[in-house]
Amino acid sequence: MKRSMLWPLAFVWLAAACVAPQSTSGPSGQAPSTPASARTLVAAIRVEPKTIAARGLAQNTGVALYLTKRLFNADLALLDDQANPQPYLAESLPQLNTNSWKVAADGTMETTYHLRPNIVWHDGTPLTADDFVFSYQVYSAPDLGAAASPPINLMQDVQAPDPRTVVIHWKQPYASAGSLQSVGTGANGLPPLQRSVLGAALESGSADAILNHPYWSTGFVGLGPYKLDHWEPGAFIESSAFDKHALGASKIPRIKLVFMPDGNTTLAAVLAGDVHLAVDNALPATLTNTLMHQWPAGAGSVVSYANQWRAAHFQFRPDFVSPAGLKDVRVRKALAYAVDRKNINDVVYEGQFPLADSIFQPSSDLGRAVDAAVTKYPFDLRQSEQLMSQAGFSKNSAGFYASPGVGLFTPEAKVNSGPEFETEMSAVASGWRQAGFDFTESVLPAAQAQDAQARSNFPGVYLYSGNVGEGGVAGWASNNVPRPENNWRGGSYDGYANPDMDKLITAFTTALQPADRVKGAVELAKLYSSELPAISLFFPTQPWVFISDLTGPKLVAAESNVAWDMYLWQFK
């Protein structure tokens, strides 16, 4: 983008008076007149959240909320920059084969956490072990939508023998039982809930009473480094540092989250100095290069956080899939061989995204073992055409695949709205059309991106991102498929369900020894790449863009969260 094009965007930004905060630093990054210790950090996020709770109920987000969730929440553990679990609300973490983590001969387990002393909620109420007991009662309630998700579905019960001791009984082994946390990409926690706030709603027996409680949004009370001050729907969330935070009071006194769905508007706001931090997809990866070229030298930095797995998912619900040819694995593989991922990455993402062959990044022993074992689908139109021929399809006079039984093969490609996503879809669909697949294109509006039913009702192929590694694998389980029977709760929007995969996921998540976990990951990844419910595309990088006056954000492991230590961030 040329510099001259940025001024109209700046005017668009300034016109949004109900959203825009007052400027605290200029585009050149000069020091503001306000003392560093009194400045408000203004952060842009792409989508207004449905909930700021670490673990929602029926409210599926489907969008990045890493800063947003970290801001207000705390759990028993916290993943550091290397994804190593550290004690958070707990004094220390359970250790396997000690009194704090016992494994019985039948595979059941018991873990014991002791809470730090003198922890209070944002409203000043003391945190007690009973808040974890109550949390389990809420999340395990069958009609509230979380009971089938790990780790809740693996727990037998939660007890509080005294106000500072949490004892969890497990139905089976679970590798993360000693490090329950809720704000990393592989969140698997048991975030506490206040009985005094939600108890009456649960006791009423009405699911709606608790699902619609303001606690999940404007009435949230948490334990994180910041507490909610004001939520202006459609505009912003204001928060202030919590002076009794378990790990110490934050150095930045206030943070304001501004909802900015348009990347160009975010770009203009950052350049104008009105936004200090752009996260959670507020600034697409393709615009970060534009920003760095327009920013004066030393004005700011970008952390490229590769924490997701992007794939082209096939519809697996028999009642929804169309055309029926997508049920044939040979057709799905033919489509995989017809995706030129490298060219798409170069053209759409300026080569910034690592290519993916599975959900596991090949940057660890586990990831490298998986990478060596999975079936890969390099760009190969000859292979694609052979597979379509085997499936009974041939090209008609217009060069598109058709079969005598079903006629022209005309699938639909779908993507969430956004210039970057839509350009990606057009590139993928265009390549498929050139290979003989008569694809149409569809866009899901941003307003529906947090609606599981809207995301699940696609007929053909849906391109979207999810968690990498173990956090993403848990989403492949059958009990995570949104359906009418479970009121569309769950995040496996493609509807993929396989009992054999469920068994492999269980074996992987229950393996306590590293070698067994590697073996489990290899087996489930092999099955997935063989059945091909989705075509692996990239490991997208999510830019965290911030001005030079802000210190603290840095690159972390994919399973962690750039904001894990945000209570230490500060202005110069």
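## Exercises on strands, a buried helix and a cavity

In strand S7, Val166 is the bridge partner of Tyr113. The model you are looking at is predicted, and the exercises below start from this pair.

**Exercise 1.** Find the sheet that holds S7 and give the order of its strands.

*Solution.* Begin with the neighbour: strand S5 (residues 109–114) pairs with S7 in the antiparallel sense over six bridges. Next, widen the view to the open sheet of four strands, which has the order S4-S5-S7-S6 with antiparallel pairing. Now look at the edges: strand S4 (101–103) and S6 each pair on one side only. Finally, follow the twist, which averages 15° from one strand to the next.

**Exercise 2.** Work out whether helix H3 is largely enclosed by the rest of the structure.

*Solution.* First, take the cut-off: a residue is buried when its relative accessible area is under 20%. Then go along H3, where Asp131, Phe132, Val133, Phe134, Ser135, Tyr136, Val138 and Tyr139 are buried. That makes eight of the ten residues of H3 (residues 130–139), so the helix is largely enclosed. To see the cover, look for strand S6 (155–162), strand S7 (165–170), helix H4 (195–203) and helix H5 (207–211), which are included in it. As for direction, H3 lies across S6 and S7 and runs at about 160° to S6.

**Exercise 3.** Locate the largest cavity and describe its lining.

*Solution.* There are three cavities of 30 Å³ or more, and the largest has a volume of about 160 Å³. Of the 18 residues lining the largest cavity, Asp357, Ser358, Thr375, Ser529 and Ser536 are the closest to its centre. Then turn to the elements: helix H16 (514–531) and strand S20 (534–538) each supply at least two residues of this lining. By class, the lining of the largest cavity has eleven nonpolar, four polar and three charged residues.

Technical notes. Residues are numbered from 1 along each chain as its sequence is written. This is a predicted model: local features need pLDDT of at least 70, side-chain atom pairs count only at pLDDT 80 or more; totals for chains, interfaces and linings use all residues. Side-chain values use heavy atoms; hydrogens and water are left out. On a 1 Å grid over the protein atoms alone, a cavity is a set of points where a 1.4 Å probe fits but cannot get out, and a pocket is an open set with protein on both sides within 12 Å along at least five of seven lines; lining residues have an atom within 4 Å of a point. Grid points are joined across faces, edges and corners, and a volume is the space filled by probe spheres set on the points. Ala, Val, Leu, Ile, Met, Phe, Trp, Tyr, Cys and Pro count as nonpolar, Asp, Glu, Lys and Arg as charged, and the others, Gly among them, as polar. Buried means under 20% relative accessible area, exposed over 50%, partly exposed in between (1.4 Å probe, protein chains only). Contact means heavy atoms within 4.5 Å. Two strands pair if DSSP finds at least two bridges between them. Axes are lines fitted to C-alpha atoms, for helices over the stretch in contact, and angles run from 0 to 180 degrees between N-to-C directions.
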